[in-house]
Amino acid sequence: MPPAETAPPVPASVPVRGLHHFAWRCRDSEETRRFYEDLLGLPLVHVIKSDHVPSTGEYCPYVHIFFQMRDGSYIAFFDLGDDTAALPSPNTPAWVNHIALRVDSVADLVAAKARLQAAGVEVLGVTDHHIIESIYFFDPNGLRVELTTPAVPPAEMEAHARSAHAELDAWTERKAQLRAKAAA
């Protein structure tokens with residue numbers, strides 16, 4: 001009789017180290033390259049071209065392009081060759097779904113805003129969110145991008161972390177009350 005196989009132990013948490021990449025659909029890979037590399041300064045570092053999706057095997061010719069950030073993570077895009085950008089979600093306000101990229105200072109935000117505006121990009125902000133300051137704009141694919149910098153010392157963020165679960169619990173309770181009120 002063969003020995004019984006034992007399942008490996010379940011870890012206490014998933015050992016996520018950080019962001020590797022965020023991927024989004026783009027309308028045109030060269031237009032996207034000009035925006036992220038030439039305007040924002042993120043170098044194009046890798047290109048994958050294939051006719052089949054590795055995870056599903058389905059036929060879909062594409063190019064997958066990667067731009068590297070200074071921390072070693074990437075923002076990536078898929079060009080499916082049909083000149084189509086991802087559609088915004090009809091049930092979600094345009095300001096909700098976005099990617100936030102960190103810069104070192106408010107001076108960097110102001111300089112980035114000037115550079116983007118000089119290139120004809122509409123920019124909102126600098127917006128004070130109390131713990132961060134940010135600017136917002138859309139890339140050529142309709143992806144909302146936030147550039148942000150911390151505005152408080154690490155000790156203040158640690159204090160926020162200590163109260164985060166209580167704050168979420170309070171929101172969950174309020175949300176239940178809002179649902180009940182709407183159903184009445």
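A: **The largest pocket and its lining**

β5 (98-102), α2 (106-118) and β8 (144-150) each supply at least two residues of the lining of the largest pocket, helices (H or I, at least four residues) and strands (E, at least two) being DSSP runs numbered from the N terminus. The model is predicted, so that local features need pLDDT of at least 70 and side-chain atom pairs count only at pLDDT 80 or more, while totals for chains, interfaces and linings use all residues. Residues are numbered from 1 along each chain as its sequence is written, and side-chain values use heavy atoms, with hydrogens and water left out.

A pocket is an open set of points on a 1 Å grid over the protein atoms alone, where a 1.4 Å probe fits, with protein on both sides within 12 Å along at least five of seven lines; lining residues have an atom within 4 Å of a point. The largest pocket holds about 810 Å³, a volume being the space filled by probe spheres set on points joined across faces, edges and corners. Its lining has 27 residues, and L42, R70, R102, V103 and L147 lie nearest its centre. With five residues, α2 gives the most to this lining. By class, the lining comprises 16 nonpolar, five polar and six charged residues, where Ala, Val, Leu, Ile, Met, Phe, Trp, Tyr, Cys and Pro count as nonpolar, Asp, Glu, Lys and Arg as charged, and the others, Gly among them, as polar.

Two of the contributing strands, β5 and β8, also belong to an open, mixed sheet of four strands in the order β5-β8-β7-β6, strands being paired if DSSP finds at least two bridges between them.
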